[in-house]
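Here is a short briefing on how the parts of this model meet. Look over the structure, then read on.

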Amino acid sequence: MTATDTPAPRIAESAPLAVGAGRSGGGRPVGNPVGKIALAVTMSVLTLAFVYPFVWLVSASFKPRGEVFDNRLIPRTFTLHNYVAVWHDAPMALWLVNTVYVTVLATVTVTISSALVAWGFAYFRFRGRDLLFGLVLASMMIPGAVTMIPTYLIWHAAGFTGTLVPLWAQNLFGSAFYIFLLRQFFLGLPRDLFEAARLDGANNWQMFRLIALPLTRPALVVVGLFEFQAAWTDLMRPLIYLRDSDTFTVPRGLKSMVDQFGFGGEFHWELIVTASVITTLPMIVVFFLGQRHFMEGIATTGTRG
Amino acid sequence: MQRRARAYLSVAAVGTVLLAGCAQGTGSQKTNAAYDRSTKLSGKVSVMGFGATDEIAKVRLAEAKKAMGSKVTVKLIPGDLDIQQFLSGVASGDAPEVVYADRGQIGSFASRGAVIPLDDCIKGEKIDTSAFRSSALDAVTFRGHVYGIPEFNVVQIIQANADLLRKAGLTLDDVNGSSWSKVSAANKKLTRTVGGKLKVIGFDSKLPEFLPLWAKANGADLISADGKTAQLDDPKVVQALTWAVGIYNAQGGFGKVKAYRDSADFFGSGNQYASGTLGAMPMEQWYVNVLNDVSPKAPMAFDTVRDQQGQPIAFASGSAWAIPKGSKNPGAACRFARVMTQTSSWVKAAQERVRLRQKDGGLFTGVLTGNVDADKKIEAMIKPSGDARWDQAIRATYTANDHTFSMPANPAGQEFETAWQDGVNRVLNGQQSPKDAMAQAQKEAQKALDDAWAEIGK
Amino acid sequence: MSRRRSAVHAGDTRAAWLFISPWVVGFLVFTLYPLIYTGYLSLTDYDVINDPRFVGLDNFRALLSDDKVILALRNTAVFAVMSVPVKIVLSFFLAVLLNRAGRATGFFRTAFFLPKMTPPVAIGILLLLMFNGQSGLVNEVLGWFGINGPAWTTDPTWVKPGLVLMSLWTVGASVIILLAALRNVPQELYDAARVDGAGWWAQTRHITVPMASGAIFFLVIVDTIAALQSFTEAYTAYFGAGNSTYANSAALFYAIYLFQQAFQFLHMGYASAMALLLFVIIMAITGIQVRLSKRFVFYAGDQS
């Protein structure tokens, strides 16, 4: 996308305005030291606000039961006991394997299928397109509580209750949220690219795979990361579809452990916070690794043409 | 294009009709059961809502497995009973063989036929229902039939800070509820506010959960014995509510007390008693174990809650085993329930706990089983701990256990509870007066009850 | 729009249907069927345990006279009106900041997304702690600025603002979406504008916002739909197991009341009627938003 592409007309409109506004003192790029410091301070404060609760969680996971809520950032009594106890007597390794299996399948399938569908809605013109897309939006508007039972009945009729299949297989058909999101990004691609490719003899599939997908890499990565987070932490589906504790995913397994210690309300909060930390860590790692691709995605968009 | 759309839609319509057929309740399934103590059992028993966690559970589970025989496989579905989980199973005809539920839920399950009456099971397996506490059995009896086998009892006792009482010149009698005016006076003496911030909670009347307790102490029940009529606007109930809210108002309002209470290190060594920030409150008996564990030196004093006549009183709650309609192995489910709750299993489990406590030097505070015989035998296993405080706690617990009441099973379970709790919350949040709040709650609750009872005929 | 039509090729319709076929199948099975089923249930009295019993329009009649439904609708509407604009503005602000943060962006991005990765049960506990009227962190920080913080969790007036603040904590996802959109803005545009003498604000208003308007439009729609169905945070904090002492009529959102009706009171038919009502409301609102978007949203590749 170069400056000479389709965005130009709109920007030309506003350029005179920009010139007019030049009176406001000319924006200095944030290369000046004051600006840089201000930016750093703002970012740090905001980061603190967002990160603090998680830091609290991590700190609490190293505390013995009696100190979990003492609001100290550095534990008075540092203990690793919780991390041992939470795995004790539980098939944690099995749960992790199940969770990885479900999450990877869910993420890969939803990204591919949503991209396909989003592309279909973004690039092509066909009768009923807007109506159908409206239906896509509509599917997001039904409260989950009521669709839970019919969906369960479908899976039961298909014979898949008690297995891990219902936890990810719906993603084969795309997800309205991601379809909507990816469509927005596909709409942002200039049509001239595709016209040019078509003139070169490219068919629809090639245009999708070789042009559209690479150009929207940041968005695809976003979809992947979001779905990873959703699938990894989902509790509702394992709760209603899984019976055998060997098939549990980590969130489901942890709930049963937490409920265990819940008789009469004797919640072992120190185990709950530890379980929360354990559940979150893999996601942090995946997320941190994955979002490098944001940067790489950027690098390619500036050099087209 | 339009033709295709129409084709798709007709497929969907047909599919809907087909699948709607699947959306049956288990109403059409029959549960044929032959219950007999001597039969050899086989098959699978999946247990929903129970996890074999501590020794009390593990020992009894072992006993149950032995009694059912090697041909039966027991599969636990761990985690508290989740209603969505249970209903999904029921809707698809895939109910578990036995469920472990809170006794308060049994009424609404029973009224809808989600669980089956246990008369045949009790006769066949020769379950001695007279061994169960009457309040426990009442809670699971609906329209004259027993729908659950009770397990465990949770009661409340007054847990007070002896030092604070002494310093204010008060005794346990002032805070055990035998005289509400005394409690209000004690509350004023014990409460401490510094600079607008609450520093010591005098008395915590534990609203909204404990309204039934205070109402009963005043001689009123929230619902009639047959479970058909709500009695929330009974003047005695309103009186109880007004008094209990007054306790909070004297301390600056419920918001302040609640906020302060929530910031307390409830399960830790800095709990409200150890830190001297609470005078007294009624609390479930299991908290004694926590206190003994994290703050054994806290200056505690215990007594039963008393009614206006000075008699001990406690609201009992607990769990129960029930057999869902559509259970594929009710015979085994019944035996499971029998063995889990029979005296010998409880005694064995308690012995194991005593052994473990002796090993790690902890305190054995007994187990409230919901079974009168078992309770007596286990109480006899308790040895004086050498510390008057904890002995007092145990005594209070067992006394309370002998003077319990519970709410009769009713078909509107949750809706009824929500109605009166919402009413209390409205008063606590300052949105309504006790009289108006209970009047509204009465209307809502009675409607829920009427609708639910009307359903049963259909 | 019509200008481009001539560029449509004959095979396009078939190709389009091929691309969207996965969704079509999924829609029929997992959306249309449940929707029709919900519609059917809304005409019945169904407790999941026994067969549904046809009652006609009784549920809808009851809906209209149910005070709690009106309360829930009002609560939800107020919450949506408060939270959506604030969320979008905050996300945009954070995304703009992140866009300029250079190399350390990765760390900050993770930090902002962190709350979304934390299990809801932990968030529920933490928020009750942090917003505690007496000793919570929020009021403590406010105290530094001389503000006497309110009782966020017990005062009915402050319950919703408290929930709005809680919801701001999970803007991470929106920030990332906006950031991806911002990154797609060609640097040349900014360079050209700067050459023309445009300041930072002018650049933002005339370049950043229009170029990101597609993403902003997306977020407005999605966040509104989500806000109108808001459930988890409020339920965990105020209505979950063991939280009866917190139950506050100010926090009774529509989705929560629906859940109560469906799974606590076992009135699945009534809940289905509630679901349909919500569906219609959301459709109407989204329809309006889509209409408005035609005026404000700019797409580089599609003039529809």
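The centres of domain 1 and domain 2 of chain A, taken over C-alpha atoms, are 30 Å apart. Domain bounds here come from an automatic or database domain assignment. This is a predicted model: local features need pLDDT of at least 70, side-chain atom pairs count only at pLDDT 80 or more, and totals for chains, interfaces and linings use all residues. Residues are numbered from 1 along each chain as its sequence is written, and chains are lettered from A and ligands numbered from 1 in the order in which they are written.

**Domains of chain A**
- Domain 1 of chain A spans 32–79, and domain 2 of chain A spans 90–301.
- Their contact takes 8 residues from domain 1 and 7 residues from domain 2 (two residues are in contact if their C-beta atoms, placed from the backbone, lie within 7 Å).
- The domain 1 side has 5 nonpolar, 1 polar and 2 charged residues.
- Ala, Val, Leu, Ile, Met, Phe, Trp, Tyr, Cys and Pro count as nonpolar, Asp, Glu, Lys and Arg as charged, and the others, Gly among them, as polar.

**Chain A against chain C**
- Chain A gives 93 residues to this contact, and chain C gives 89 residues.
- Helix α2 (residues 33–61) of chain A supplies the largest share of the chain A side, 11 residues.
- Helices (H or I, at least four residues) and strands (E, at least two) are DSSP runs, numbered from the N terminus.
- The chain A side has 60 nonpolar, 29 polar and 4 charged residues.

**Domains of chain B**
- Chain B is divided into domain 1 (31–154 + 317–396) and domain 2 (156–315 + 411–457).
- Their centres, over C-alpha atoms, are 29 Å apart.
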